[in-house]
Amino acid sequence: MKLIGITYRGPEMDDIGTFNALPSDLKVFIKEANGLIAFKGGLHIRGCCKEPLWHSINEVWTGKSAFWKNYPDILDIDVPFAQDCMGDQFLIRGSKVIKLNCENGEVTELQMQLWNFFEEIEKDPILFLGMHPLIQFEMEGGKLEPGNLLSAYPPFCINQTGEVTLKEMPVLERLNSLSLLSKKMRGMQDGDDVQFIVD
């Protein structure tokens, strides 16, 4: 597998308990590299480490930021191994990869195993990883730093015709704001009014 635009490599693995609980195919990857950020922020693959927390699989699997605690369609056995530049999540359920849209909580079964997932990324990373916001951010002079994700206003799940403003936000802060948004969006129907209060 060839990943380009690497801006971060994970630290030495020091969370053996989490590593031992991983699916075997993910263990193979983690042995080679304890997570990394590729495509200049377009893909973040987490590692088995205690610090930094934003890079820790355990933090978002069993810790305070665990996705199954905030999204009803995510199970506690789903392994959150990666995310895209906006904070949408890729998880392993059984032997297959699923995708969580963190704005609205929708889960898509990708019908592929981990190595098929990496093959699809290699074919067209921009399309598969939804990197268009990152490209826009870079064209506006931005650079997505390790430990940050992009935040969009208004959120992409809101039907709107105006332009979207993008800014950087620390990973765990962004994930928390996405979970709050998804809770507000739960049960809403197409055409319902949504009001945002901007600080």
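User: Which residues is Phe 81 in contact with, once its neighbours within four places in sequence are left aside?

Analyst: Contact here means heavy atoms within 4.5 Å. For Phe 81 the partners are Leu 26, His 44, Ile 45, Arg 46, Phe 90, Leu 91, Ile 92, Val 97, Leu 114 and Phe 117, with neighbours up to four places away in sequence set aside. This is a predicted model, in which local features need pLDDT of at least 70 and side-chain atom pairs count only at pLDDT 80 or more, while totals for chains, interfaces and linings use all residues. Residues are numbered from 1 along each chain as its sequence is written, and side-chain values use heavy atoms, with hydrogens and water left out.

User: Which residues have the most contacts inside the largest nonpolar core?

Analyst: A nonpolar core joins buried (under 20% relative accessible area, 1.4 Å probe, protein chains only) Ala, Val, Leu, Ile, Met, Phe, Trp, Tyr and Cys residues through side-chain atoms within 4.5 Å. The largest one holds 37 residues, and Leu 22, Phe 81 and Phe 117 have the most contacts inside it. Its largest share, four residues, is supplied by helix H4, residues 114–123. Another core of 15 residues lies apart from it, with Tyr 8, Trp 54, Leu 175 and Leu 178 among its members.

User: How should I read the sheet, and what is the order of its seven strands?

Analyst: Helices (H or I, at least four residues) and strands (E, at least two) are DSSP runs numbered from the N terminus, and two strands pair if DSSP finds at least two bridges between them. In this model the seven strands make an open sheet in the order S1-S2-S3-S4-S5-S6-S7, with antiparallel pairing. Strand S1 (8–9) and strand S7 (107–109) are the edges, each pairing on one side only.

User: How many bridges join S4 to S5, and how many join S5 to S6?

Analyst: Strand S4 (residues 79–84) and strand S5 (residues 89–93) run antiparallel and share four bridges, with Pro 80 opposite Leu 91 and Gln 83 partnered by Gln 89. Their hairpin has four residues between the strands, and Gly 87 takes a positive phi near 100° there. Five bridges join S5 to strand S6 (residues 96–100), again in antiparallel fashion, and Arg 93 faces Lys 96.

User: Which peptide bonds are cis?

Analyst: The bond from Glu 51 to Pro 52 is cis, with omega near -5°, and Pro 52 belongs to the loop between S3 and helix H3 (57–61). The bond from Tyr 153 to Pro 154 is cis too, with omega near -5°, and Pro 154 is placed in the loop between S8 and strand S9 (165–170).

User: Where is Asn 34 found, and is it buried or exposed?

Analyst: Asn 34 occupies the loop between helix H2 (24–32) and strand S2 (36–38), and with a relative accessible area of 7% it is buried. Not counting residues up to four places away in sequence, Asn 34 touches Gly 10, Pro 11, Glu 12, Met 13, Gly 47, Cys 48, Cys 49 and His 55.

Key
Buried means under 20% relative accessible area, exposed over 50%, partly exposed in between (1.4 Å probe, protein chains only).
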